[in-house]
Amino acid sequence: MRSGTDIAFLGGMIKYILDNKLYNKEYVANYTNAGFIVGEDFKFKDGLFSGYDAKNRKYDKSKWAFDMDANGVPKMDISLNNSRCVFQLLENHFSRYNTMLVSSITGTPEVDLLEVYKTYAATGARGKAGTIMYAMGWTQHTVGVQNIRTMAMIQLLLGNMGVAGGGVNALRGESNVQGSTDHCLLWHIWPGYLKTPRASNVSLDAYNKKWTPKSNDPLSANWWRNYPKYSVSLLKSFFGEKAAKANDFGYDWLPKVDDGTDYSWLTIFDKMYKDAVKGFFAWGQNPACSGANSNKTRKAMAKLDWMVNVNLFDNETGSFWKGPGMNPSTIKTEVFMLPACVSVEKEGSITNSGRWMQWRYQGPKPLGNSVSDGDIIMELGNKIKEVYKESGVFPEPILNLKWDYMTDGLYDPHKAAKEINGYFLKDVTVKDKSFKKGTLVPSFAYLQDDGSTSSANWLYCNSYTENGNMAARRSKKDAPNNIGLYPEFAWCWPVNRRIIYNRASVDPKGQPWDKKDWVIRFAGDVKDGKYVSKKWIGDVPDGGWYPLENPDGTKRKDAKYPFIMRKHGQGQLFGPGRADGPFPEHYEPLESPLENNLMSKQQMNPVAPVYTTDTDSVASNSPEFPVVGTTYRVSEHWQTGLMTRPQPWLLELQPQVFVEMSEELAKEKSIKNGERVKVASARGSLECTAIVTKRFKPFKIAGKIVHEVGIPWHFGWRWPESGAEESANLLTPSTGDPNTRIPESKAFMVNITKL
Amino acid sequence: MPGKSFFIDTSLCTACKGCQVACKQWHDLPAEKTVNRGTYQNPADLSFVTYKLVRFNETVVDGKLKWLFFSDQCRHCLEPPCEMTADDPGAIFRDPVTGAVLFTANSKDIDTQEVIDACPYNIPRAARDGTLAKCDMCNDRVRNGLLPACVKTCPTGAMNFGDREEMLVMARRRLDTVKKIHPKAKLLDPDDVRVIYLVTEDPMLYHSFAVASNSAFDVSRKVALKTLLRPLTRLTAGL
């Protein structure tokens, strides 16, 4: 299929599943918001949802609200017949996604579409499971979040969330992406997915009120109701004894982000390019090659006063000032290189895509004068504190920061891991259990909002307890359900639950949909058709409440819906929190081969970010750039190639950047296999070796032939020595998803010429 | 026949080339200076410093595209034509325990071209001074209870190694399973070699030397009469 058309492809599958009634009706009715009644303000016309503000490229999401009953609980019709219920609106929304139209957009022949749909939809049968594993490319679109959401919706319809062999699984671009995100790598979140405070959150109370969701439904666990316990425990972890109730636990010392502003990658480099950023820590990254629109990124770095490059080796980022097209004599940026050691030379943990926190011991000692990131950041913190002790504006945040993670002058990963888990800070009694001051908190259920506990990441509370470092466990014993959970191998957040939302793996009576490969089952005592005691077996259940129904089919009032992290407890077929609409919709990428989106009058995602500097040229539906371009990885290189390109054995395998194209396109352009060619977009160009392959085929899109080419992005001018192998991100545009601002590096327009 | 064998299940190979790199690492072989020649296959061929090579081929079978991967290496024949042709245990010999066919530095003193021509799988490669090299089954590792480096590194289960009988059982069992999806699947020369490939398509689509020609082993057996055959081999090579 053509890059950038996943929603059309998957939307066709949703239609197929609904038309042929292949969904799990009981699951959909009970565990998703399919039955919720959507307010009359919600509309969809000509590719736009109601509430669109064209001037600010923004939606007023209040137009997408659910209808509430007198108690403030969403009105529901679990027969799914109400014309304003999510299920009916969903059916209506995707009724346009017929295979003929989908084929015309994606280029996938109708017969192949149907084969995929039929095969996958069969996993909706009770007791069957289907999983999807996606790579980062799926997120790198102006509709990235909605790509994933469309698949998640399919999984909800088929009853594939929370079950063994189900889910929507991200295959990360690096072994610890999950861990780094959990611990707040991104600008908009604090550790454990707490929100970065906005300027309008003027006090801790205002902050907690703003971000703690409220549900009036007694059947909704609404787990985020505990938000203040986690935010206060985090502040206690940041500031220790300096954080007290009287000073809002130091909330005022933390930076706030401006409301309505984003501080994402694309925007940082846009601001940098506009001279608004003076200094930059490039920590374990290589933006000169990895970021979309690399020419813009490289030019932006020339506007900095200083840059600190923390990495294993020098790279295109640290040496940007002597790269192609740069004149070192005119560049003021001062670059500092801090050599970091490689992961195997340090002790610590990684968290994989399955949320397993795995402890790793130190292998060899760091080479030369390289040190671990932990040591670099600890020393940096100590030096900054020293400077602030002498003088400095607003020194409190720095001076009050608890910074005691060293042992004998070195960063101590165990101290950091324990801090992440959290401590009792005084003798307390919680839920009839007494805990001593200074002991580790056994689980986040015991965290408090009164300053008596700390936890640097509530999700990891339970990972390092008085029983030891749970992540270092290596038992190969399986759980009683024998589905490969291995609960005593490493540790999994939350509270060692291996399959999240696993209460969706059972029917409303608590019995597994899949009798053979079950995740959990309710095994409480039954008396007169009613459950009279609580007992779940298998995986750690998503909350130990009773099932929704008794064995005799009567509803229980003390039960909870399975999707406990959602406000209303339901899987969201209708997602009113997204920036670009509650339902996914196919839009063309920023750069498309088509003049008009075949699905609606709205050409591209109406709220996708647009940047407008002179480096942000765009060429859509242009005869100058008629070929769809995409980027990807090869197994021989890693990321921007910093660790692989200088490695002769790996460079031997993939020595040069290449562009893959169909035999038909090669013939059209008189390009021979193995020949060097130039690939250009509206923003930049690079030389590539042509791989003419049967694996690429021309698409028939909207009645015309559209070609696509693909380029791996691992290369950069710094190595190999020729300097001729450059990054494919010279071609990609500075736009991206409106929810995440992940750049659209997987669908753009190029041209190819013989050299 | 005791000793060791490989079972290489190409249906599980993803062409990551981990085996290629592990081989270079264990044998401390230098990287070759390569260019992209319009394929993922690199280096272009086996060489004196490349004993293991994943061969890539694209082909269309019954209207469906197949991207075929063939992780090529010495087959460690049960009756190795190279050994018989050399007829010099100081240059080419078999480890009696593992069955590994091993070339020594003395191989430069034998008729190198003749040995190369004798190999039905086109494996041995000569250095400029005529010394021959190829996969040695990581015999040093194997004799010390370790797996060959390529097998150890394989993440998909395509590369397997063990006692010959065990590998034959594994290969036959796997063939039964794979045949249900790929009716043309077969094992390549399982009775003649210690490196048994499972392929799902016509072996010629993977590599022209994937299987020995029908007469190869008949010829090799006759190499016992090598005084008679040697001129013939030379004649063939001359063509």
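In which helix of chain A is the place of A:T297? A:T297 sits in helix α12, which spans residues 294-301 of chain A. The model is predicted. The buried area between chain A and chain B is about 2,000 Å². Over all chains, the salt bridges number 46.

**Interface of chain A and chain B**

- The size of an interface is often given as the accessible area lost when the parts come together.
- Here that area is about 2,000 Å², with 56% coming from carbon and sulfur atoms.
- On the side of chain A, the residues that lose the most area to chain B are A:W649, A:E652 and A:R695. Together they supply 37% of what that side buries.
- Chain A brings 23 residues to the contact, and chain B brings 25 residues.
- Twelve residue pairs are in polar contact between chain A and chain B, both partners being at pLDDT 80 or more.
- Three elements of chain A give two or more residues to the side that touches chain B: α16 (648-653), β26 (658-662) and β28 (685-693).
- Of these, α16(A) gives the most, with six residues.
- By residue class, the side of chain A that touches chain B holds eleven nonpolar, seven polar and five charged residues.
- Three salt bridges cross the interface of chain A and chain B.
- A:E652 and B:K24 form a salt bridge through their side chains, at 2.5 Å from N to O. A:E652 is also among the residues of chain A that lose the most area to chain B.

**Helix α3 of chain A**

- Helix α3 of chain A runs over residues 86-94. Its buried residues are A:V86, A:F87, A:L89, A:L90, A:H93 and A:F94.
- Viewed down the axis of α3(A), these buried residues fall within an arc of 165°, so they line one face of the helix.

- Is A:T297 buried or exposed? A:T297 is buried, because its relative accessible area is 2%, below the 20% cut-off.
- Neighbours within four places in sequence aside, A:T297 is in contact with A:F269, A:P287, A:A288 and A:A292.

**A:R676 in β27**

- A:R676 is part of strand β27 (residues 676-680) of chain A.
- Which side chains does the side chain of A:R676 join in polar contacts? One is that of A:E687, at 3.1 Å. Another is that of A:E725, at 3.2 Å.
- Setting aside neighbours within four places in sequence, the contacts of A:R676 include A:Q656, A:V657, A:C688 and A:T689. A:A724 and A:L755 are also in contact with A:R676.

**Salt bridges within chain A**

- Side chains of opposite charge can pair when their charged atoms come close.
- A:R96 and A:E585 form a salt bridge, with their closest N and O atoms 2.7 Å apart.
- A:R96 lies in the loop between α3 and α4 (99-106) of chain A, and A:E585 in the loop between β24 (536-538) and β25 (627-632), so the pair ties together parts that are 489 residues apart in sequence.
- A:R96 is partly exposed, at 24% relative accessibility, whereas A:E585 is buried, at 2% relative accessible area.
- A:D517 and A:K516 meet in a salt bridge through their side chains, at 3.4 Å from N to O. A:D517 is partly exposed, at 32%. A:K516 is exposed, at 65%.
- A:K694 and A:E663 form a salt bridge at 3.2 Å from N to O.
- This pair links distant parts of the chain, 31 residues apart: A:K694 is in the loop between β28 and β29 (699-701) of chain A, and A:E663 is in helix α17 (residues 663-668).
- A:K694 is partly exposed, at 26% relative accessibility. A:E663 also counts as partly exposed, at 34%.

**Network in chain B**

- Salt bridges that share partners join B:D45, B:R55, B:D72, B:R75 and B:R125 into one network.

Notes
Residues numbered from 1 in each chain as written. Chains lettered and ligands numbered in written order. Predicted model: local features only at pLDDT ≥ 70, side-chain atom pairs only at ≥ 80, totals over all residues. Heavy atoms only, no water. Contact = heavy atoms within 4.5 Å. Buried area = accessible area lost by both parts, 1.4 Å probe. Salt bridge = Lys/Arg side-chain N within 4 Å of Asp/Glu carboxyl O. Polar contact = N/O pair within 3.5 Å; in protein donor to acceptor, adjacent residues only side chain to side chain. Helix = DSSP H or I, 4+ residues; strand = E, 2+ residues; numbered from the N terminus. Nonpolar A, V, L, I, M, F, W, Y, C, P; charged D, E, K, R; others polar. Buried < 20%, exposed > 50% of the residue type's maximum accessible area, 1.4 Å probe, protein only. Arc of directions from axis to C-beta.
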